[in-house]
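Colleague: I am new to this model and would like to learn how to read it. Could you walk me through a few features?

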Amino acid sequence: MSITPLAAVPSAHRTVPVFRGRLGRDARSGHHAVPHRYRLHLSTACPDGLRLAIGHSLLGLDHECPVTLLPAVPDRPGGGHSALGPLYEASAHHYTGPALAPVLSDDWSGRIVSTHTPDILRDLDRFCPDGPTSLYPCGTESQIEAVERLCAEGIQEAAQRAGQADADPAQRAAALDLLLDTLGRLERYLDGEEYLVAGRLTAADVELWVALVQLDTVHRCHLDAGAVHRIAGYPVLWAYARRLAAHPAFGTHLDLDGIALRHHGHCQGLEAAGAAVQILDWTGHATDPQGSYRR
């Protein structure tokens with residue numbers, strides 16, 4: 001898929017991850033892609049956690065890299081999880097920040113390898129390099145990165161700005177236009193295509209699907225009904241989302257109640273009429289995420 005980056009749209013400020021270790025990147029780190037050594041800690045109610053859960057399932061890493069599920073709503077100030085406290089304390093001397101998820105940890109050392117989702121997903125792929133289930137097939141990295149930028153800037157950030165009640169109306173309208181333009185570009189590309197890159201499931205599809213889930217379950221709650229009806233007017237794109245939801249690696253990780261709890265727990269925006277206009281019925285595919293992994 002060929003996508004022009006949205007260079008004119010500034011990226012939202014993101015918290016710099018505390019840990020950025022890589023599997024196999026640096027021999028001095030000792031982090032090699034060894035089965036049964038690493039563990040994921042995540043909540044599928046969190047977009048980053050959902051991305052990792054889907055990628056983990058697509059790669060079939062249940063035994064090679066176990067997953068510990070965390071509550072949908074963090075139980076510590078600043079969005080931290082008390083269950084991750086010992087890992088953070090063991091990994092950073094006198095660490096005082098929140099113990100944020102997701103985390104890739106090293107069970108051998110009891111320390112954190114990484115808290116940076118894009119790196120973690122790429123490193124999980126190292127357990128199956130260039131295999132039939134690789135999320136980053138050889139030669140597709142730049143295309144997948146373009147999709148990641150498109151989803152971050154043209155869907156997630158644009159939808160958030162379009163729903164800011166205290167923003168200037170002109171800015172909200174411009175953000176909505178950007179969102180609709182992005183959805184239109186994806187609609188045209190997917191017309192006649194099953195997947196975004198290389199004719200197969202890749203990390204690009206994981207990225208777009210999670211962005212669409214967030215758009216329908218979180219962002220539309222702050223948009224007016226007219227805007228949501230316009231967003232729903234891309235039948236190919238939403239058929240693609242529905243098709244992937246039926247895939248066991250996607251739909252079984254949908255924690256709709258958890259997403260709602262997490263949203264209402266930290267969102268201070270006003271609910272708008274769009275909250276009543278659901279685009280897709282996700283409930284037919286969502287299951288209890290506690291049954292997806294063994295703790």
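Modeller: Gladly! The buried residues of helix α10 pack against α6 (203-217), where buried means under 20% relative accessible area and exposed over 50%, with partly exposed in between (1.4 Å probe, protein chains only). Contact means heavy atoms within 4.5 Å, and helices (H or I, at least four residues) and strands (E, at least two) are DSSP runs numbered from the N terminus. This is a predicted model, in which local features need pLDDT of at least 70, side-chain atom pairs count only at pLDDT 80 or more, and totals for chains, interfaces and linings use all residues. Residues are numbered from 1 along each chain as its sequence is written, and side-chain values use heavy atoms, leaving out hydrogens and water.

Colleague: Which residues of α10 are buried?

Modeller: An α-helix has 3.6 residues a turn, so residues three or four places apart point the same way. In α10 (residues 256-266), G258, I259, R262 and H263 are buried. They line one face because, down the axis, they fall within an arc of 130 degrees, taken from the directions from the helix axis to the C-beta atoms. On the other side of α10, D257, L261, H264 and G265 are exposed.

Colleague: And how do I read strand β3, where both faces are covered?

Modeller: In a regular strand the side chains alternate between the two faces of the sheet. In β3 (residues 103-106), V103 and S105 lie on one side and L104 and D106 on the other, all buried. Strand β1 (residues 38-42) runs antiparallel to β3, joined by four bridges; strands pair if DSSP finds at least two bridges between them. L40 stands opposite L104 in β3.
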